[in-house]
Amino acid sequence: MSVAPDTAVVLDNRFARELPELSVQWQAQAAPQPRLLVLNEQLAAELGLAPDWLRSRDGLGLLVGTEVPAGATPVAQAYAGDQFGGFVPRLGDGRALLLGELVDTTGRIRDLHLKGSGRTPFARGGDGLAAVGPMLREYLVSEAMHALGIPTTRSLAVTATGRDVLRETRLPGAVLARIAASHLRVGSFQYALQQCRAAGDVDLLKRLADHAIARHHPAAADAEQPYLALFEAVITAQASLVAQWLLVGFVHGVMNTDNMTISGETIDYGPCAFMDSFDPAIVFSSIDHGGRYAYANQPAVAHWNLARFGETLLPLLADDPETAVAQATESLDGFRDQFQTAWSAGMRAKLGLPTDVETADVVDELLVLLQQSSVDYTSFFRSLGHAARGDADGTRALFTTDAAAFDDWLARWQALGPDAAAMDRVNPVYIPRNHLVEEALAAATAGDQGPFEQLLTVLAAPYDERPGLERYAAPAPADFGVYRTFCGT
């Protein structure tokens, strides 16, 4: 690893410095012929990074991790995780590196992190590399989520390495440069708890919790019980996040505890997808055979993951184990109400209804009708704005089963006085539709960036309907078939 000369990039190594037990110093694998595929210039500006410099030889070296500023300490982070409900005591960044933390133009501390930068001690037999397609998928979907207003990690760049990676076939390799509020996860705390048990003290767990409070939830530091306040802050953040996923039809696909952040950001866009026809049981991950992470299961899984987080904090909550469990349980019990409040408020907004209108029955009946007629979720809510303006023909045409029941629902909804303009502000026209994503990734893998760049441009303004972009708002063609996604490793 060499030092990038004459740059204005300053990377702190606070995580590595304060929590050395949770990382291993490492360096990225050399990239034979680095070539920038996509650069997020707007995000670069937020970070105080000059796009022209990032395109230079030294900038490309930073984006693939082979050249870093003096004083930086790239590390592979250690964490554990419950994967599909089974605990794995040692996971960690098998193909990723935290280059360090930087301060953006607003004063926020943010991680600069790489995916696909080569094997680390946590690789567990993998090659540590990544292909162009999955890295462009994360760039595309994470930036779409950001445009939708949903908390998420961001994508700074995808850089081709000039090296092929072997999956089912040989594919061109790439590295994703990712930006996050941090990469602290529930799994980070699970790993720390194990180390504390082995050491016979809670020093590491306490330092990790203090680090998380300072980084993400500073108000907890002033609470009577700071670590309980940390737990409650993460519960609140995750209840809001998962509600926002469901409101736009997003299915994460791999909600393991190592993919639940302490910050409340969405992380890891491997086997994720957006729902077309409304189906609570929809699953996109090729390995989720039991539907554990199906669309409608996501709130329950989040609750389960948070219970695991609460377990890690028990030694910090009270000396008496029963007291600690009682405190954590009482706090965790608030998740369901917080999720339901966020979900109900979001659905009320999608339906354009006033805050003083009770919507539970209206929503429940609607979701049954959507499922019975396999109605496209995104198209329906956007077209409902036209119905609020008096033109319901397009919306009514979406219902092929029991249209009379929908007409009855429609009349009762219209009588509540929906606000069409307000609906347009929260119901997107454009989402990363699965057939369009696959089309763009296939073209990019073959060397044609055009479809990817066009789709990225469309998704940057998801609520603004624009002429000539009708295909980007249309559901998948009938012959698209069953959609399956993969983790990319």
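**Overview: salt bridges across the model.** Searching the whole structure turns up 31 salt bridges. Keep in mind that this is a predicted model.

**Close-up A: Arg-14 pairs with Glu-18 inside helix 1.** The closest N and O atoms of this salt bridge sit 3.0 Å apart. Both residues belong to helix 1 (residues 14-18), and they are four residues apart, about one turn of the helix. Glu-18 is partly exposed, at 31% relative accessible area.

**Close-up B: Glu-438 and Arg-137 form a salt bridge, 2.5 Å from N to O.** Here the pair ties together distant parts of the chain, with Glu-438 in helix 17 and Arg-137 in helix 5 (residues 132-148), 301 residues apart. Arg-137 has a relative accessible area of 9%, so it counts as buried, while Glu-438 is partly exposed at 29%.

Close-up C: Asp-393 is exposed at 56% relative accessibility, and Arg-396 is partly exposed at 31%.

**Close-up D: a salt-bridge network.** Glu-46, Asp-104, Arg-108, Arg-110, Glu-143 and Arg-154 are all linked up in this one.

**Close-up E: helix 17 packs against helix 18.** Helix 17 (residues 434-445) and helix 18 (residues 450-459) have axes 7 Å apart and an angle of about 140°, so the two helices are oblique to each other. Leu-436, Val-437, Ala-440, Leu-441 and Ala-443 of helix 17 touch Pro-451, Phe-452 and Leu-455 of helix 18. By class, that contact has eight nonpolar residues, with no polar and no charged ones.

Technical notes
Residues numbered from 1 in each chain as written. Predicted model: local features only at pLDDT ≥ 70, side-chain atom pairs only at ≥ 80, totals over all residues. Heavy atoms only, no water. Axes fitted to C-alpha atoms, helices over the stretch in contact; angles between N-to-C directions. Parallel < 35°, antiparallel > 145°, perpendicular 65-115°, else oblique. Contact = heavy atoms within 4.5 Å. Nonpolar A, V, L, I, M, F, W, Y, C, P; charged D, E, K, R; others polar. Salt bridge = Lys/Arg side-chain N within 4 Å of Asp/Glu carboxyl O. Buried < 20%, exposed > 50% of the residue type's maximum accessible area, 1.4 Å probe, protein only.
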